[in-house]
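I opened my notebook to look up a few things in this model. My entries follow the order in which I checked them.

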Amino acid sequence: MPAWTCANSSERGRPTAAARVDAALRHAAVKPALLAAALVPLALLLHGAVTNTLGANPAEALIRGTGDWTLRLLVLALAVTPLRQALSLPSLARLRRMLGLVAFFYALLHLLAYAWLDMGLVVADLVRDIGKRPFILVGTAALLLMLPLAATSFDRAIRALGARRWQALHRTVYAVAALALLHFFWMRAGKNDFAEVGVYAAIVAMLLGWRLVRALVVRARRRGAAGFVPVR
């Protein structure tokens, strides 16, 4: 057998770089490592609060820090599907729900920090402030929309709801991202600081635009397949 035939066969049998990365993503340590990495910002915020190194207004730093990381983790969760398809890494999908749950955890901490450090946990003042300030109302609405998503982010919930209803419910994450972005925009509007808002808006627009284009392409293919009549 010619040498080039053997070399070709071994090349063909060798896994691609994407396949090797995908296999690595299936390792049992990946999820705990991702969770630990996602909690590092919280550890740094808490360390700053204990050591009094969060600046002149530590309460504001805690509130904004937890809010910023809620938005970042939401964006990462939305980015999983496009990255999975673009990079041929199907195992990325197993990390999406964890990112969503950690984003919800940060959102709860964001609300708790605001309710405690700004409102002193006085419910009447909290309710009044939510109704009075639109950006807080929008942020609260985003958190309420995240509640059913977090509550059904388990295999048992998928089986109970059925895959189609579960997917329909979890599409509300797009509304959550839009509301979180609006909340962030209104927060920064007071200081005329829109640079970071523009970055997040561009990323979210690209991720949602990718999904829209993909849905239109899939629909067009289905229509084409339905209209095709084989020649007999």
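I looked up Leu117 and found it partly exposed, at 33% relative accessibility. Here buried means under 20% relative accessible area, exposed means over 50%, and partly exposed is in between (1.4 Å probe, protein chains only). Leu117 sits in helix 5. Helices are DSSP runs of H or I with at least four residues, numbered from the N terminus.

**Source notes.** This is a predicted model, where local features need pLDDT of at least 70, side-chain atom pairs count only at pLDDT 80 or more, and totals for chains, interfaces and linings use all residues. Residues are numbered from 1 along each chain as its sequence is written, and side-chain values use heavy atoms, with hydrogens and water left out.

**Salt bridges.** How many salt bridges are in the whole structure? I noted six. Each is a side-chain nitrogen of Lys or Arg within 4 Å of a carboxyl oxygen of Asp or Glu. Arg26 pairs with Asp22 at 2.7 Å, N to O. Asp22 is buried, at 8% relative accessibility. Arg64 pairs with Glu60, with the closest N and O atoms 3.4 Å apart. These two are four residues apart in helix 4 (residues 58-86), so about one helical turn separates them. Asp155 pairs with Arg97, with the closest N and O atoms 3.0 Å apart. That pair links distant parts of the chain, as Asp155 is in helix 8 (residues 155-161) and Arg97 in helix 5 (residues 96-118), 58 residues apart. Asp155 is partly exposed, at 44%.

**Largest pocket.** I found a volume of about 930 Å³. A pocket is an open set of points on a 1 Å grid over the protein atoms alone, where a 1.4 Å probe fits, with protein on both sides within 12 Å along at least five of seven lines; lining residues have an atom within 4 Å of a point. Points are joined across faces, edges and corners, and the volume is the space filled by probe spheres set on them. The lining has 28 residues, and those nearest the centre include His170 and Tyr174. Helix 11 gives the most, six residues.
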